[in-house]
Amino acid sequence: MLAVRILGCSGSYAAAGGACTGYLVQSSGTNVWLDCGPGTLANFHQWSSLAALDAIVLTHAHPDHWLELPIIANALEWYEPRERVPVYSNAHMFGEARQLIGQSISTVFDWHVVNTVDTVSIGDQEWRFDETDHYVPTYATRVDADGSSLVFSSDTGPAFSLQGFVDRAGPIDMALLESTFLDRSEHEDTLHLSAVEAGQMAAAASAGRLVLTHQAPREERPAHVEAASAVYDGPVALAEVGAQYAAAGD
Ligand SMILES: [Zn+2]
């Protein structure tokens, strides 16, 4: 069963008791950590272990999506040695990480720079990437495994569409989409999604279910579900730290 466990879902900075962006994407044989925002290692340890980790995928170099990585490097280098952990990202993300982590980066990680034309196999999961509408080079990701599929928008403005993923690999069972703020009118040029835009994006791609994530801490989260549901007919859930969402079904 392909499913995603929420390790952190606060947008931009962490809410009380929360963590920034991070997900554990699990299928029958494979564990992949998708984005490792600050605070996500503690939650990761609740559900998995560094020894059981098959890879890390990073969507972009904004701090709230990856700054746990130097801490993961600490753990791997000094306390929990294992074979190098494969990491997949775009070239910009790799450059930023190399600058911050330094020499250890190649000791503990086996880094692969990927492009949007690539399909990457990680265990029994197939990963695809598409460029979003954001401030730095950013990849949305699609995962197919165990006969189902999920897409994560990462961070994006409304100009991005999931259609490229549908064209390349077929229907999307679950869309995990950012919904940073409720109302576009207060954030006119911001390259994030409002709740309505997340709903519209899921509807346009005929996604089977929608999970809203990346709310800034002061957002009224239930109102996001209401707003997205007004424009999208399928089931809508809010990401909650520790909860697991199956790509298809409950
Ligand atoms: Zn971002």
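At 1% relative accessibility, F129 counts as buried, a word used here for residues under 20% relative accessible area, with exposed meaning over 50% and partly exposed the range in between (1.4 Å probe, protein chains only). The model is predicted, so that local features need pLDDT of at least 70 and side-chain atom pairs count only at pLDDT 80 or more, while totals for chains, interfaces and linings use all residues. Residues are numbered from 1 along each chain as its sequence is written, and side-chain values use heavy atoms, with hydrogens and water left out.

W33 and F44 form a stacked pair, at 4.3 Å centre to centre and with 5 degrees between the planes. Because W33 lies in strand β3 (residues 31–36) and F44 in helix α1 (residues 40–47), this pair ties together parts that are 11 residues apart in sequence; helices (H or I, at least four residues) and strands (E, at least two) are DSSP runs, numbered from the N terminus. Both W33 and F44 are buried. The pair of F129 and Y139, by contrast, is tilted, because the ring centres are 5.6 Å apart and the planes stand at 40 degrees. Since F129 lies in strand β8 (residues 125–131) and Y139 in strand β9, the pair ties together parts that are 10 residues apart in sequence. Y139 is buried too, with a relative accessible area of 6%. Ring pairs also link F94, F109 and W111 into a cluster.

We turn next to the nonpolar cores, each a set of buried Ala, Val, Leu, Ile, Met, Phe, Trp, Tyr and Cys residues joined through side-chain atoms within 4.5 Å. The largest has 28 residues, of which V4, V25, V57, I122, W127 and L150 touch the most other members. Its largest share, 3 residues, comes from strand β9 (residues 139–145). Apart from this core lies another, of 26 residues, with L41, L76, V85 and I101 among them. Leaving aside neighbours within four places in sequence, V25 has contacts (heavy atoms within 4.5 Å) that include L2, V4, V32, W127, V143 and L150.

The zinc ion is coordinated by H60 through NE2, H62 through ND1, H134 through NE2 and D155 through OD, at 2.1 to 2.2 Å; donors are N, O and S atoms within 2.8 Å of the metal (3.2 Å for Na, K and Ca), and sites may look incomplete because water is not among the atoms. Along the chain these donors follow the spacing H-x1-H-x71-H-x20-D. The angles among the 4 donor atoms run from 89 to 163 degrees, and the site is irregular, because four donors count as tetrahedral only if all angles lie between 85 and 135 degrees, four count as square planar and six as octahedral if opposite donors are over 155 degrees apart and all others between 65 and 115, and anything else is irregular. H60 is buried, at 0% relative accessibility.

C20 is in no disulfide, and the nearest cysteine sulfur, that of C9, is 10.0 Å away. The sulfur of C36 is too far for a bond, because the closest cysteine sulfur, in C20, is 11 Å away.

How values were computed:
Disulfide = S-S within 2.5 Å. Phe/Tyr/Trp six-rings, centres within 6.5 Å; stacked < 30°, edge-to-face > 60°.
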